[in-house]
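This report covers one chain of a model. The structure comes first, then the notes.

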Amino acid sequence: MAARHRRSRLGGGDRLVADATRHVGARTLVLGLTSVAGTGAALLLPAVLGHTVDLLLARQSGEASRWVVLCALLLCAPAVFDALDGLLTGTTAAGATAWLRNRVLGHVLAVGPRATARFAPGDLVTRLVGNAAYVGTAPGSLASAVASVAAPLGGIAALGLVDPWLAVAFLAGAPALFLLLRAFTRASTDCLIAYQRLQGDLAGRLVEALDGVRTIAAAGTGRREADRILQPLPGLSREGHRMWRVQGRSAAQTAAVVPLLQIVVLAVAGLRLAQGALSVGDVLAASRYAVLAAGIGAIVGRLNALVHARTAAGRLAEILAEPPARYGPRELPAGDGTLRLRGVTAIRGGRTVLDGLDLVVPGGTTVAVVGRSDAGTSALAELAGRLADPDAGVVELDGVPLRDLTRTALRSHIAYAFARPALLGGTIAGTIGLGPHPPAPGTVTAAARAACADTFVRRLPERYDTPCATAPLSGGEAQRLGLARAFARPGSRLIVLDDATSSLDAVTEHRITHTLLTAAGPARTCLVVAHRTTTAARADQVAWLEDGRIRAVGTHAHLCELPGYCAAFADPEGAGPGPSLPPPRRATEADTPGGPHRRQRASRDGGEPPTAWGAEGRQEPEVSGPGPFSPPPRRATTAHAPGGPHRPHQVPRGEGAEG
Amino acid sequence: MDPKPQGEAPSSPSPAREGVRFLWRRRRAVAVLAGWSVAEAAYTFATGYALARALDAGFLAGKPVPGLAWLAGAAVAVLVGAYGTGRTYRGTAALAEPLRDALVRRVVARALHDGDRAAVSRLTHQVEIARDTFAGLVMVARTFVFTAVGALVGLCLLAPVLLVLVLPPLLAGLALFAVTLRPLVGRQEAFLDADEAVAKSLGDVCAGLRDVAAAGAEDPVHADTAALVDAERDAAYALARWSVVRVAALAVAGRLPVVLLLVAAPRLLDHGVSAGALAGALAYLTQSLLPGLQNLMHGLGANGSRLAVVLRRLMAEPPRPAPGLQHAAVPGAPAVALRGVTFAHGPHADPVVDRLHLALPHGSHLAVVGLSGIGKSTLAALVAGMLEPQQGEVSVCGIPARDQGARALRVLIPQEAYVFSGTVGENLRHLRTDPVPDREVLAAAEAVGAGELLDRLGGLAAPLVPAELSAGERQQIALVRAYLSPAPVVLLDEAACHLDPAAEARAERAFAARPGGTLVVIAHRAGSARRAGRVLVMDGARTTVGTHTELLQRSALYRDLMGDGGPRGDAAVSQPSRPLRYADRVDPVAGPGLPGDGGHVIAYGSVRQVQTAGDLPDGGPLRGK
């Protein structure tokens, strides 16, 4: 099984190498030809040169001058081949690498966030940057593989052709070469480990000091701190010197081997010369062929590079084997943005974090999702806007399953904001306007104002044109940019806030939610993952998630009376019955049937969405709890106990429905 | 800040000039390296000369023994040369290791100045690249120089006329290479930059796939990154095209002499050059000079530009502090004074602080409140002398805040408390240069409420491992340290935000009660403002100063921040960007503990009364908690 997997992975890798090679096919072909021609010239030159010298020594000027021309040609041709080789090796690798990166990146984007569930982001980057560059060299390595093997083998053969004894002398001396070359790797590892340990110590001290850099700067104790950080430096230097000494020893070994081999060959050639079996030119040629033949040690390295490239290609092929996200053909019909989850199950890391969950968020309302399990609430937020597909069940927006929607429909009608937004898009304006198309003029600043981000953005060195990479942003400021990004999408019907206000102070959070809820235009449905009581208290309804199911749905004030509810918050002690700040009021509040203080709930029947909510609405008893500032929910949320997706029963208000 | 002496003139980082100075300071090491290189070159010299002599005096004369003896001599030269090669590594280390040390020092000094996290990667990664490429350059350049000298001396000994054939093309080729070196380095730099841009962009995209999908921005993101990938490919093409020039230089310097030698061979042989000398000369040209040139041109092109790029990044020095005019404290001057202070992050940016006037008399207690990110920490940094205002003056006890002399007069404890690996005592005594008796340290710990922590850690002599402390414990250590500092002005920038409200209140009151001490608290919770004699409300570039009661009436923002002023107000004044355990908690102490009823806090009156009035009423209930 494992072997088959490995084989299929390597098969994919080989196909990828073949595709990349085909992409730079013409260049690879020319490169192969020039390298073979170059090697041929290099192998011919010593023999021709030797013969020329013999002719010159024999004073056969007429004959010799023709051979001199041939020598000149054989000397110049490699220069031309070298030039072509340098040019083609560089461009082939660059072209193949760029092609691979674009192809794999396109695929990663098509797979979407699921790609990072399978591969850690750092791993993906390593594959795209390092492995792709390695695979990029494969076409060039393949093209010159023949030549690189031919040169040393040709050298040995040429020695044998000049005189068989020369080849014998070389082959007898060669094993010593291999034995000595091997000594290097063993010796160098242990000082490298010591060196890296000291380097880690130094880096650790620096990290410590960087944590306190403001303290150090204010106290002006920088020089003392530097001395403390640099304490491991002398040790590092000692280990460094030791490493060089070890390297020097092995370099001395390798430096001796090839020339000694060459001298052995020369000695044998000299003896044969004295016997009259060889000429001076032959001796000269033999000396050069011995050097070429010694290149046999490098063949292993060349082949290794190909093996590595093949492994790297396998790692890229693994990414390409992930199926891309599929989108449906349907557009979103007119609707109020009602979100419905039916029997939704999500498995994360082998654990079921959502277990047959049912939840309806009526259009235009705000529902907070609270729960102790971050995995569960985050999974719910992911499913609500199809950043991930449920492992079972269906998520629908205005009656259309999300997976039937086109990508454009899906993304233009659902906006997201996260606790830690990734600030892509280059500049501040770019990251707010991140989307399929550049936003309309004015949208960015309006969205920034709505997210209370305008003030701090205007204080950045280049205001909205400040590159995100250089802008010193706190977590709260980054969150506000993420919120602004969601607000910059006026067409969205559903907005999912995944803990997106967790780093904001209470007053700022209040201002932002107030703006969000009173924004002009059609009311938007909000699904808010909350870990703070104030956030939950501001929502129309709270869905309390426990053990992968909805435990209860109700206002924050009601749920507060249930045992265990407060423990679902990051700030359990503060889980009071309501916020002291005035709650957000919607512009549409007057439209609410029954008035702001009437609590109504929707009835659910046979799993149908609560289109006629309030028709059956009974008046709820006034509940004292959140006080005069409690947010008046205008619509209720219906939750289904997980008895089955088709026979949901209502959750009695104020009581926990055991999940 | 800077490890170098203060008096040294500021130098602009010019790698070339600094490189020459660096080598000059290590001329002994350079000389030793040169000595071993001569030994290494013995082999080069022997390849041609011994071959020539072995042929002429031995094998060609039909006398194998002298021939073999000459070759044995060459073998000895090989062994000597190999030993020399080994020693040249040590010689290179004597240059490369000090370079690494100097770069590490500089990286650390700069990191402590600007707090850039990238310094860790510079320290572990880029410094190593610099060290390796520098060593590579030294090796390549050295090998070429000594190989060339060895070969030329050998040629000269075989027949001086050979130099006439070899030197002109060699020098011409080297000159051609030298001319193309600069543009080549430029192309290499452009390629490295493009490569880094690609890696960074791919890193951002892979880390932000969720955001890309959520925004539906797959196509523009792919297009942007593909543009960078293509730019890198084009940079690589440009670099590859320049390699053609390199090959041309190599052909002129390395291959042309061989052709010239062959063309001139009949004449040379006519004029007394022996057959062995001709063979030896060819051996020098094809087996020593040509490979040496190849290594030089390849090594200089690739390593040199890499080193140039990395050094340029590493050698940017931190700006030096202003010349150390040591002003003395001005008697009668306010503890902290800001006069018309304006600060912005750039010429195009809105000001964070706009024409702010503020004077704090000695012994006063000020709380600064405002929404997160409004500039409270910037204000603290201005008073601490870490930032320079574009307009106006900041002074501490009459001394300009940026002056060296002001350092001893104020201490800033930021939110991210600094503790280092060492003993507990070393950490606590960090801001004192004089020996502090244990008794005083323990009393300080008790005063700010860290006595229990000290016991738990095992006393002053116990080792302290930063990673084992919670954020709150780290803050307690930093608070004790600040309490022990001789500075009269203490700036607490959310310095107790990870403590529970009772512990925070206790620490703040301890600081307020320091004799003659002036306290500025960047408030994290409403309680900090209630405890202070005066409150500064920052709202955009607007600021309002007043007592708690005045501000409750005057400032809508302040009312919001105080959570309607009620004892149950659960709005945190300001929250740091990190997740906090007590994010929304009410301060349970401040309300009931303060004079007056919970709903309407009575101000302490004038700023000066705060230390006496502020401490007493809260003392009782606090201890009980």
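Start with one residue pair: B:Ala344 has B:Pro351, in β2(B), as its bridge partner. Strand β1 (residues 336-344) of chain B pairs with β2(B) in the antiparallel sense over 6 bridges. Strands pair if DSSP finds at least two bridges between them. Helices (H or I, at least four residues) and strands (E, at least two) are DSSP runs, numbered from the N terminus.

The model is predicted: local features need pLDDT of at least 70, side-chain atom pairs count only at pLDDT 80 or more, and totals for chains, interfaces and linings use all residues. Residues are numbered from 1 along each chain as its sequence is written, while chains are lettered from A and ligands numbered from 1 in the order in which they are written.

The pair β1(B) and β2(B) belongs to an open sheet of 4 strands, ordered β2-β1-β4-β5 (chain B), with antiparallel pairing. Its edges are β2 (351-360) and β5 (399-400) of chain B; each has a single partner strand, so one side of each lacks a neighbour in the sheet.

Now the helices. Helix α4 (residues 118-158) of chain B packs on helix α8 (residues 275-314) of chain B at about 155 degrees, with axes 8 Å apart. Axes are lines fitted to C-alpha atoms, for helices over the stretch in contact, and angles run from 0 to 180 degrees between N-to-C directions.

For chain B as a whole:

| Item | Value |
|---|---|
| Helices in chain B | 19 helices |
| Strands in chain B | 12 strands |
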